[in-house]
Amino acid sequence: MAKVLASIKIFPSDITTDLNQLKKKIEKELPKYASVYRFDEEPIAFGLTALIAHIILPEEKEGGLDEVEKQIQEVDEISQIQ
């Protein structure tokens, strides 16, 4: 079974958002077939730091990435994803 690594840039809704708590919430919201490989942090501007989530999911899961993005977007502390 082949795996795909998708990198998703996640922008917190506020500069005061606790990134460690946000990481835990993202991991919890992912569908069972997806898992976080690692998180990176990227400073944006004015104290805002984006998270880069590297997520592993099965290649043959049709619509899997769309479902992962939808689940992540539902976390309250996230303003947008790319």
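Q: Which residue in S3 is the bridge partner of Ile10?
A: In this predicted model, strand S1 (residues 3–12) and strand S3 (residues 48–58) are paired in the antiparallel sense over 8 bridges. Within S3, the residue bridged to Ile10 is Leu51.

Q: In what order do the 4 strands of the open sheet lie?
A: The pairing in this open sheet is antiparallel. Strand S2 (35–45) and strand S4 (78–81) each pair on one side only, which places them at the edges. From one strand to the next, the twist averages 30 degrees. The order of the strands is S2-S3-S1-S4.

Q: Which strands does helix H1 touch as it packs on the sheet?
A: Helix H1 comprises residues 19–29, and its direction makes about 140 degrees with that of S2. The strands it touches are S1, S2, S3 and S4.

Q: At about what angle to S4 does helix H2 run?
A: Helix H2 is formed by residues 64–73 and lies across S1, S3 and S4. Its angle to S4 is about 160 degrees.

Q: Which element gives the most residues to the largest nonpolar core?
A: This core has 19 residues, and those touching the most other members are Ile10, Ile26, Ile55, Ile72 and Ile78. Two or more residues come from each of S1, H1, S2, S3, H2 and S4. The element that gives the most, with 4 residues, is S3.

Q: Which residues does Ile10 touch, not counting those up to four places away in sequence?
A: Ile10 is among the core residues that touch the most other members. Its contacts beyond four places in sequence are Ile26, Ala50, Leu51, Ala53, Ile72, Ile78, Gln80 and Ile81.

Q: Within what arc do the buried residues of H1 fall?
A: The buried residues of H1 are Leu19, Leu22, Lys23 and Ile26, and their cover includes S1, S2, S3, H2 and S4. The face turned away from this buried side carries the exposed residues Lys24 and Lys28. Seen down the axis of H1, the buried residues line one face of the helix, because they fall within an arc of 105 degrees.

Q: Why do the buried residues of H2 line one face of the helix?
A: Gly64, Val68 and Ile72 are the buried residues of H2, and what covers them includes S1, H1, S3 and S4. On the other side of H2, Asp66 and Lys70 are exposed. The buried residues line one face because, seen down the axis of H2, they fall within an arc of 70 degrees.

Q: Which residue's side chain is joined to that of His54 by a polar contact of 2.8 Å?
A: His54 has its place in strand S3. Its relative accessible area is 10%, so the residue counts as buried under the 20% limit. Among the residues it touches are Leu5, Ser35 and Tyr37. The polar contact of 2.8 Å joins the side chain of His54 to that of Asp40.

Q: Is Thr17 buried or exposed?
A: Thr17 lies in the loop between S1 and H1, and its side chain reaches the backbone oxygen of Asp14 at 3.0 Å. Apart from neighbours within four places in sequence, Thr17 is in contact with Pro12, Leu22 and Glu77. The relative accessibility of Thr17 is 15%. Residues under 20% count as buried, so Thr17 is buried.

Q: Which residue caps the N-terminal end of H1?
A: The cap involves a side-chain oxygen that lies 3.0 Å from the backbone nitrogen of Asn20. The residue supplying this oxygen is Asp18.

Definitions and conventions: Residues numbered from 1 in each chain as written. Predicted model: local features only at pLDDT ≥ 70, side-chain atom pairs only at ≥ 80, totals over all residues. Heavy atoms only, no water. Pairing = 2+ DSSP bridges. Axes fitted to C-alpha atoms, helices over the stretch in contact; angles between N-to-C directions. Contact = heavy atoms within 4.5 Å. Core = buried A, V, L, I, M, F, W, Y, C linked by side-chain atoms within 4.5 Å. Buried < 20%, exposed > 50% of the residue type's maximum accessible area, 1.4 Å probe, protein only. Arc of directions from axis to C-beta. Polar contact = N/O pair within 3.5 Å; in protein donor to acceptor, adjacent residues only side chain to side chain.
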